[in-house]
Amino acid sequence: MQKKHQRGAFFPVSLGCPKNLNDLEVISGGLLAAGWSIADAPENADLYLINTCAFIPAARNEAVEEIERGVAWKKEAPNRKLAVSGCLTAYDRDGSFHKKFPQVDCWLGIDDIGRVDAVLQGGKASSSCKFLADDSLPRLQLTVPHLAYLKIADGCNNCCTYCAIPLLRGKLRSLPMQCVVAEAKQRVASGVRELVVVAQDISAYGMDRPESGENLPKLLGELNRIDGDFVIRLLYTHPAHYTDELIDAINANSKVLPYLDIPLQHISDGLLRAMNRHVSQTAVEELIAKLRKMIPNLVLRSTFITGFPGETEAQFEELADFCRRVKFERLGVFPFSAEPGTIAAKLPGQVPTEVAEARSTLLMKRQIARMRRMQKARVGSRERILVDAVGNGIAWGRGVADAPEIDNLVLVENPPRSCRAGEFLDVEIIGTQNCDVIARAVSKKRK
Ligand code: SF4
């Protein structure tokens with residue numbers, strides 16, 4: 001049985017996106033600082049803490065299942081506490097989840113991320129969302145030691161009509177650059193080799209503080225100046241926020257991977273307007289062409305929504321044709337979900353769910369076929385990968401084209417005996433396995 005500190009032991013569960021995991025790192029760091037210890041399994045815990053996501057129905061269902069697990073765990077022994085944090089608390093404006101789960105001892109608001117112990121000790125939970133964790137707060141890294149998500153902002157001002165995030169996370173608020181750089185330095189000094197920059201829209205960084213003159217291009221320059229052998233990956237950019245300065249910064253800073261995640265959501269002008277995406281089809285097409293021309297070996301990831309209210313078969317075909325022409329290296333497609341409180345949920349011309357789902361399935365089926373061809377085209381190429389794990393004569397890693405958890409893997413057969421997780425390895429791609437690639441090490445690992 002694990003030794004308990006004076007507060008007890010907590011078991012953290014992270015649901016949803018990397019931004020949520022980053023929040024749970026701050027929550028966990030705060031609890032450790034307050035005298036809690038972390039349990040390696042629920043049976044060794046006094047507190048079961050679930051950091052939830054509420055973005056779409058599937059995420060809420062997952063949160064409900066996890067809370068039900070927590071409720072069952074709580075019944076198994078006396079004096080156990082169950083706490084819920086994250087987006088579900090913010091989503092639950094009508095209190096239906098609170099009523100459904102009276103066994104939950106503590107519902108933590110977005111602004112409680114840095115004061116969880118205080119709320120657990122009886123403090124009043126918050127209902128606002130203005131909080132942003134800076135580098136002064138203790139945090140417990142919950143990712144593998146060589147990978148970290150660097151959350152540079154929270155909230156969003158873009159107000160896409162289908163999206164509930166501004167309702168859940170509040171207005172855009174971005175961290176001062178010195179805080180982001182200080183945290184990045186701590187992470188790199190502790191062994192991080194891949195910094196994944198995240199926010200709801202990282203390309204809006206600093207737009208809430210125009211007087212500061214801080215923006216993403218400048219931030220990339222500062223991060224690139226940090227000593228160490230590491231790479232920087234960018235997730236969640238917005239097509240309306242690309243500038244020549246940003247493209248130059250991506251090219252000029254050698255640690256920044258030529259990997260761009262640009263959720264476009266659709267391509268048809270009528271739907272882009274109805275989604276309030278602040279871009280036109282022409283602007284998107286010109287941006288993609290410019291990025292392909294300006295950034296060598298660019299890996300483009302995007303996300304699309306099918307079945308947005310009013311989407312016609314012709315508009316869907318327009319989107320399918322766009323994907324065929326652009327050949328995104330990485331893609332996610334989701335059927336529209338009418339989120340309570342959003343403008344799109346009330347729009348006329350709601351598309352039947354089965355039609356929306358059939359369209360997303362078809363787009364992904366074509367994408368997987370394209371991706372398999374693209375992976376085959378990597379055979380014979382040499383790449384530098386970051387090794388995530390080694391075992392049973394295989395090393396699992398990721399190259400430039402492979403973001404953690406959402407993309408594919410590089411499987412290295414018979415890696416060098418000295419190969420370790422968290423190190424870079426030069427490999428030659430020698431084959432494919434579904435959408436993953438097979439490789440062999442080609443030279444001594446680099447420190
Ligand atoms: S940019 Fe992203 S987070 Fe912001 S409103 Fe649009 S979809 Fe939501």
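## Nonpolar cores

A nonpolar core is here a set of buried Ala, Val, Leu, Ile, Met, Phe, Trp, Tyr and Cys residues joined through side-chain atoms within 4.5 Å; buried means under 20% relative accessible area. The model is predicted. Its largest nonpolar core holds 56 residues, of which Ile152, Leu223, Leu260 and Phe328 touch the most other members. In soluble globular proteins, nonpolar side chains tend to be buried together.

What is in contact with Leu260, once its neighbours within four places in sequence are left aside? The contacts of Leu260 are Leu234, Tyr242, Ile250, Leu291, Ile295, Leu298, Val299, Leu300 and Arg301.

## Helix H1

Helix H1 comprises the 16 residues 18-33. From first to last C-alpha, H1 reaches 23 Å, close to the 22 Å expected at 1.5 Å a residue. H1 is mostly covered, with 13 of its 16 residues buried. Just after H1, Gly35 adopts a positive phi of about 105 degrees.

## Ligand surroundings

Which residues lie around the ligand? The shell contains Cys156, Cys159, Cys160 and Cys163, together with Asn158, Tyr162, Ile165, Pro166, Gln200, His238 and Arg277. By class, the shell residues divide into seven nonpolar, three polar and one charged.

## The open parallel sheet

Five strands form an open sheet in the order E2-E1-E3-E4-E5, with parallel pairing. Strands E2 (36-38) and E5 (106-107) stand at the edges; each has a single partner strand, so one side of each is left without a neighbour in the sheet. Strand E1 (residues 8-14) pairs with E2 in the parallel sense over three bridges. Within this pairing, Phe10 has Ile38 of E2 as its bridge partner.

Strands of a sheet pair through backbone hydrogen bonds, either parallel or antiparallel. Strand E14 (residues 382-391) and strand E15 (residues 394-398) run antiparallel and are joined by five bridges. Val387 has Gly397 in E15 as its bridge partner. Two residues lie between the strands of this hairpin, in which Asn392 takes a positive phi near 50 degrees.

E15 also pairs with strand E16 (residues 410-413), in the antiparallel sense and over four bridges. There, the bridge partner of Trp396 is Leu411 in E16.

How values were computed:
Residues are numbered from 1 along each chain as its sequence is written. This is a predicted model: local features need pLDDT of at least 70, side-chain atom pairs count only at pLDDT 80 or more; totals for chains, interfaces and linings use all residues. Side-chain values use heavy atoms; hydrogens and water are left out. Buried means under 20% relative accessible area, exposed over 50%, partly exposed in between (1.4 Å probe, protein chains only). Contact means heavy atoms within 4.5 Å. The expected span of a helix is 1.5 Å times one less than its number of residues. A residue is near a molecule or strand if one of its heavy atoms lies within 4 Å of it. Ala, Val, Leu, Ile, Met, Phe, Trp, Tyr, Cys and Pro count as nonpolar, Asp, Glu, Lys and Arg as charged, and the others, Gly among them, as polar. Two strands pair if DSSP finds at least two bridges between them.
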